[in-house]
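Reader: I would like to know what stands behind the words used for this protein. Please go through them one at a time.

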Amino acid sequence: MIFAKKSLGQNFLKDKSALDAIIEAGKISNEDIILEIGPGEGALTSLLLAKAGKVIAVEKDDRLIPILKEKFSKEIGSGKLELIHEDILNTQIKNLNLEKGEYKIIANIPYYITGELTRIFLESDFYPNTIVFLVQKEVAERIIDEKGSILSVSIKAYGTPEYIKTVKAGSFVPAPNVDSAILAIYDISKKQFETAQITEKDFFTVVKTGFAHKRKILSSNLKELFDPDKIETTWTELNIDKNERAEQITIEKWFEITKKLICGNITV
Ligand code: SAM
């Protein structure tokens with residue numbers, strides 16, 4: 001086993017039941033193409049290869065590449081595993097030859113890149129149909145909450161998050177400071193934007209402005225961008241309490257609010 005680098009978020013998953021739960025949450029068929037980010041020493045990769053049609057694994061750590069090449073020489077030779085030595089945050093998704101809605105991301109990634117990676121892949125033109133990630137337990141709980149944070153709203157705008165299972169800190173080597181959870185995001189698409197006929201850019205402008213100042217109520221935050229009368233009319237039409245805060249708004253309401261407010265009314 002290699003010396004784990006903290007800077008690369010290396011906490012290797014050793015618990016077989018957790019690894020099996022990740023695979024099960026992926027609902028993998030032998031036709032599936034899986035993108036695994038951070039294969040590490042290949043614990044999850046082996047299980048993915050046993051179920052999927054093809055696995056593309058992107059690993060940043062130089063030291064792990066020869067280990068993975070040796071461990072999976074047969075699968076790399078047959079083309080079943082494509083091993084890419086890169087930083088996923090610098091990878092051009094379009095160069096991975098993945099088709100929109102036609103692949104799954106299943107990975108145990110470093111926690112500090114969860115938010116950024118989720119955003120990059122959900123917003124991409126080449127988005128996956130499913131994501132299964134390990135995240136900090138509290139983050140997973142906040143994401144599946146009916147209302148919540150910017151991350152939660154952003155995820156629900158594209159798909160359906162599901163809390164699969166808690167994974168105790170002791171399941172990893174080295175053990176992180178907090179417990180984790182397997183989080184799945186199913187049915188990823190841009191359908192909600194198409195149905196509401198609003199752009200992702202407009203939607204996130206409203207959401208980010210709405211969450212901008214934690215202490216303020218939602219309407220006060222939105223006054224930075226929209227006419228107060230328009231906000232008041234919208235609140236009446238959508239039956240929203242005037243003291244409502246951003247974290248109390250459901251995903252359906254965010255789409256309705258954006259649609260009503262955005263009609264030519266951004267003042268900046
Ligand atoms: N999948 C393995 C497991 O479950 O045991 C390793 C998980 S470990 C939490 C995270 C892995 O992601 C490490 O192998 C690390 O080197 C890799 N990694 C970290 N940052 C990365 C990045 N930006 N791009 C690609 N891989 C990265």
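Reader: What does the side chain of Glu59 reach, and at what distance?

Author: The side chain of Glu59 reaches the backbone nitrogen of Gly40 at 3.0 Å. A polar contact is a pair of N or O atoms within 3.5 Å; within protein, one must be able to donate a hydrogen and the other to accept it, and residues adjacent in sequence count only if both atoms are side-chain atoms. The model is predicted: local features need pLDDT of at least 70, side-chain atom pairs count only at pLDDT 80 or more, and totals for chains, interfaces and linings use all residues. Residues are numbered from 1 along each chain as its sequence is written, and side-chain values use heavy atoms, with hydrogens and water left out.

Reader: Why is Glu59 called buried?

Author: Because its relative accessible area is 5%, and buried means under 20% (exposed is over 50%, partly exposed in between, with a 1.4 Å probe and protein chains only). Glu59 lies in strand 3, residues 54–59. Helices (H or I, at least four residues) and strands (E, at least two) are DSSP runs, numbered from the N terminus.

Reader: Which residues does Glu59 touch?

Author: Not counting residues up to four places away in sequence, Glu59 touches Gly38, Pro39, Gly40, Leu64, Ile65, Leu68, Ile84, His85 and Glu86. Contact means heavy atoms within 4.5 Å.

Reader: Which of the buried residues of helix 3 are there, and what puts them on the same side?

Author: The buried residues of helix 3 are Leu64, Ile65 and Leu68. They cover an arc of only 100° around the axis, which puts them on the same side of helix 3. The arc is that of the directions from the helix axis to the C-beta atoms. Exposed residues Lys69 and Glu70 sit on the face of helix 3 turned away from its buried side. The cover over the buried residues includes strand 3, helix 4 (73–78) and strand 4.

Reader: What is the strand order of the open sheet, and which are the edge strands?

Author: The open sheet has seven strands in the order 4-3-2-5-6-9-7, with mixed pairing. Its edge strands are strand 4 (81–85) and strand 7 (160–167), each pairing on one side only. Two strands pair if DSSP finds at least two bridges between them.

Reader: What makes strand 6 mostly covered?

Author: Six of the seven residues of strand 6 are buried.

Reader: How do you know that Thr91 is buried, and where does it lie?

Author: Thr91 has a relative accessible area of 12%, so it counts as buried. Thr91 lies in the loop between strand 4 and strand 5. Its side chain reaches the backbone oxygen of Asp87 at 2.9 Å. Beyond four places in sequence, Thr91 touches Val58, Glu86 and Leu96.

Reader: Why is Ser124 called buried?

Author: Because its relative accessibility is 11%. Ser124 is in the loop between helix 5 (114–123) and strand 6. Leaving aside neighbours within four places in sequence, Ser124 is in contact with Ile93 and Lys190.

Reader: Why is Phe211 called buried, and which residues does it touch?

Author: Because its relative accessible area is 16%, Phe211 counts as buried. Phe211 is found in helix 9, residues 200–211. Not counting residues up to four places away in sequence, it touches Gly148, Ser149, Ile150, Val153, Asn221, Ala246, Glu247 and Trp254. Phe211 and Ala246 are 35 residues apart in sequence and 5.6 Å apart in space, C-alpha to C-alpha.

Reader: Which residues of helix 12 are buried, and why are they said to line one face?

Author: The buried residues of helix 12 are Ile251, Trp254, Phe255, Ile257, Thr258, Leu261 and Ile262. Seen down the axis of helix 12, they fall within an arc of 165°, so they line one face. They pack against helix 7 (150–156), helix 8 (191–196), helix 9, helix 10 (218–222) and helix 11 (228–237).
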